[in-house]
Amino acid sequence: MFLESTKACCPYCGELIEFLFEPLDSEQEYFEDCQVCCQPILIKITPNDSAENIIFNCFRADETG
Ligand SMILES: [Zn+2]
């Protein structure tokens with residue numbers, strides 16, 4: 001097992017933070033607390049045809065729907 005890292009802006013405080021995730025073959029959805037403001041960020045990871053093309057998205061927990 002190895003972890004990928006990517007940088008994205010926190011949807012709450014706007015800080016650029018680094019996320020670590022496991023590149024799996026299936027779609028993943030989970031919460032991770034922001035390292036800066038500690039708010040729960042909804043992480044969505046969608047695999048593409050190759051591990052280098054994983055689509056990483058983050059949302060506010062209260063922004064669903
Ligand atoms: Zn934040």
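User: What is the secondary structure made of, helices or strands?
Analyst: The protein comes to 0 helices and 5 strands. Read along the sequence, the pattern is β-β-β-β-β. Keep in mind that the model is predicted.

User: How much of the protein counts as buried?
Analyst: The protein has 65 residues, and 23% of them count as buried.

User: Is C10 buried or exposed?
Analyst: C10 counts as buried, because its relative accessibility is 4% and the cut-off for buried is under 20%.

User: And C13, buried or partly exposed?
Analyst: C13 is partly exposed, because its relative accessible area is 34%, and partly exposed covers the range between the buried cut-off of 20% and the exposed cut-off of 50%.

User: Where does C10 lie?
Analyst: C10 lies in the loop between β1, residues 4-9, and β2.

User: Which residues is C10 in contact with?
Analyst: Leaving aside neighbours within four places in sequence, C10 is in contact with E15, I17, C34, C37 and I41.

User: How far is C10 from P40?
Analyst: C10 and P40 are 30 residues apart in sequence, and their C-alpha atoms are 9.7 Å apart in space.

User: Lots of cysteines here. How many disulfides?
Analyst: The count comes to 0 disulfides. A disulfide is a covalent bond between the sulfur atoms of two cysteines.

User: Switching to aromatics. How many aromatic pairs does the structure hold?
Analyst: The structure holds 2 aromatic pairs. In one of them, F19 and F56 are tilted, at 5.2 Å centre to centre and with 45 degrees between the planes. That pair links distant parts of the chain: F19 is in strand β2 (residues 16-21) and F56 is in strand β5 (residues 55-60), 37 residues apart.

User: Are F19 and F56 buried or exposed, and why?
Analyst: F19 is buried because its relative accessible area is 1%. F56 is buried too, because its relative accessible area is 16%, and the cut-off is under 20%.

User: Which other ring pairs with F56?
Analyst: F21 and F56 form an aromatic pair that is tilted, at 5.5 Å centre to centre with 35 degrees between the planes. F21 lies in strand β2 and F56 in strand β5, so the pair ties together parts that are 35 residues apart in sequence. F21 is buried, and so is F56.

User: Which rings make up the cluster?
Analyst: F19, F21 and F56 are linked into a cluster by ring pairs.

User: What sits over the ring of F59?
Analyst: The charged end of K44 sits over that ring, 5.3 Å from the centre of the ring.

User: Now C38. What is its phi?
Analyst: C38 has a positive phi of about 65 degrees, although C38 is not a glycine. Most residues other than glycine have a negative phi.

User: Where is C38, and is it buried or exposed?
Analyst: C38 is in the loop between β3 (28-33) and β4 (40-46). C38 is exposed because its relative accessible area is 55%, and the cut-off for exposed is over 50%.

User: Last one, where does D49 lie?
Analyst: D49 lies in the loop between β4 and β5. D49 is exposed, with a relative accessible area of 69%. The C-alpha atoms of D49 and D25 are separated by 9.2 Å, and the two residues are 24 residues apart along the chain.

Methods:
Residues are numbered from 1 along each chain as its sequence is written. This is a predicted model: local features need pLDDT of at least 70, side-chain atom pairs count only at pLDDT 80 or more; totals for chains, interfaces and linings use all residues. Side-chain values use heavy atoms; hydrogens and water are left out. Buried means under 20% relative accessible area, exposed over 50%, partly exposed in between (1.4 Å probe, protein chains only). Rings of Phe, Tyr and Trp (its six-membered ring) pair if their centres lie within 6.5 Å; planes under 30 degrees apart count as stacked, over 60 as edge-to-face and the rest as tilted. Helices (H or I, at least four residues) and strands (E, at least two) are DSSP runs, numbered from the N terminus. A charge sits over a ring if NZ of Lys or CZ of Arg is within 6 Å of the ring centre and within 35 degrees of the ring normal. A disulfide is a pair of cysteine sulfur atoms within 2.5 Å. Contact means heavy atoms within 4.5 Å.
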